[in-house]
Amino acid sequence: MEEYTKWRKILYEDQGVADNYVPPSFLKELKKNLHTHHYDYWTLVVQSGILTQQISSVCIFVVSFIYMEEKMLSPQTLMMGTSFATAILYMVNDILTEVEPDVKPQRSYFDDLKTALMFAGINFVLSPLLVSLTETVSTDTIYTMTTIMLLANLAFHDYTAAPHTVPGALSLNAAIFASVCLASRLHTTWHAFATVTFSFKLFALWPVLRRRLQKHLSVAGQVAMTSVISAVTFCLMLSVSNVGTVLYSLIFIFITFVCPVWLIMLQPYKNNIYGPWDEAEIKEGQQEM
């Protein structure tokens, strides 16, 4: 007991004990799960829409490819329809940006138009190359690579990014690579151009607006947006594959209604400990001098 009263938490003096010595009262200050977050089931159900909306985007992209491959959809129709939708959603995004006091637009309309024309021009010039890019690769290999890349898009997509940021580079690159693979299996240069352009709109621009909408919409609005996107995806999937429709429905039900229950059931097993020891903290945005 006498040794304990003289011991101090320092290393620059020899106190007659090992460097890893701690007093008997050390664990009395141990606390567990101080900051455990208690989840609400229906809140988790609403928030799961972020994931199901991204899965729906992947399904819509795949359906558009099937439509064009089977000549049920022309590339001109896809380009005109998506361009019209992009113009409307761009105005919606601009309105939402203006009502956010903490976000100051750093780009003008001319800058955005110039970037869009530059991307379209480069894509159009490279489209003849994309059509014949994988002629020596088997179709099964192309479809396997596409599947892996789309799964990578879902796995590495930044579901918690700020509303004004672009999706993660790895996720976006995987989606663009998948679109290039599929574009190489279509019929003409216009098909390749439309496929790659649509993938960029769907996987780069749409997530930015989607996060901004989720920031401004009420809970009912978020549920409505998820429901509309899922219903459209369900109908599109039903038009091409019954098996795919069933699989999409099961995934949607599992993520939306089963996973929240699973997460809540796992909460009692958390075991975060806190005490008088020094804990390492990683702080982003700080550099060593």
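Helix H3 supplies 7 residues to the lining of the second largest pocket, the largest share of any element. So much for the opening; here is the background. The model is predicted, so local features need pLDDT of at least 70 and side-chain atom pairs count only at pLDDT 80 or more, while totals for chains, interfaces and linings use all residues. Residues are numbered from 1 along each chain as its sequence is written, and side-chain values use heavy atoms, with hydrogens and water left out.

## The chain as a whole

The chain comes to 10 helices and 2 strands. Both kinds of element are DSSP runs numbered from the N terminus: helices are H or I with at least four residues, strands are E with at least two. Reading from the N terminus, the order is α-β-α-α-α-α-α-α-α-α-α-β.

Of the 289 residues, 34% count as buried. Buried means under 20% relative accessible area, exposed means over 50%, and partly exposed is in between (1.4 Å probe, protein chains only). What about contacts, meaning heavy atoms within 4.5 Å? Among those with a separation of 6 or more, 77% are between residues 24 or more positions apart.

Of its 21 lining residues, Val58, Cys59, Val62, Leu150 and Leu247 are the closest to its centre. Helix H3 (49-69), helix H6 (139-156) and helix H10 (242-266) are the elements that give two or more residues to this lining.

A pocket is found on a 1 Å grid over the protein atoms alone: it is an open set of points where a 1.4 Å probe fits, with protein on both sides within 12 Å along at least five of seven lines, and lining residues have an atom within 4 Å of a point.

Which classes of residue line the second largest pocket? There are 17 nonpolar, 4 polar and no charged residues. Here Ala, Val, Leu, Ile, Met, Phe, Trp, Tyr, Cys and Pro count as nonpolar, Asp, Glu, Lys and Arg as charged, and the others, Gly among them, as polar.

## A walk along H3

Here are some residues of H3 with their accessibility.

| Residue | Relative accessible area | Class |
|---|---|---|
| Leu51 | 30% | partly exposed |
| Ser57 | 2% | buried |
| Ser64 | 9% | buried |
| Phe65 | 5% | buried |

Leaving aside neighbours within four places in sequence, Leu51 is in contact with Tyr159 and Ile255. Leu51 also has a C-alpha atom 9.2 Å from that of His157, which is 106 residues away along the chain.

Thr195 is 131 residues from Ser64 in sequence, yet their C-alpha atoms are 8.2 Å apart in space.

Past H3 comes Lys71, in the loop between H3 and H4. Lys71 is exposed, at 67% relative accessibility. Its phi is near 60°, a positive value in a residue other than glycine. Most residues other than glycine have a negative phi.

## Rings and the core

Aromatic rings of Phe, Tyr and Trp (its six-membered ring) pair if their centres lie within 6.5 Å; planes under 30 degrees apart are stacked, over 60 edge-to-face, and the rest tilted. By this rule there are 8 aromatic pairs. One of them, Phe65 with Tyr143, is edge-to-face, at 6.3 Å centre to centre and 80° between the planes. This pair links distant parts of the chain, with Phe65 in H3 and Tyr143 in H6, 78 residues apart. Tyr143 is partly exposed, at 30%. Ring pairs also link Phe61, Phe198 and Phe203 into a cluster.

A nonpolar core is a set of buried Ala, Val, Leu, Ile, Met, Phe, Trp, Tyr and Cys residues joined through side-chain atoms within 4.5 Å. The largest one has 33 residues, and those touching the most other members are Ile55, Phe61, Leu78, Leu202, Phe203, Trp206 and Leu213. Which element gives the most to this core? That is H8, with 9 residues. A second, separate core of 6 residues includes Leu130, Val180, Ala183 and Ala192.

Definitions and conventions:
Contact = heavy atoms within 4.5 Å.
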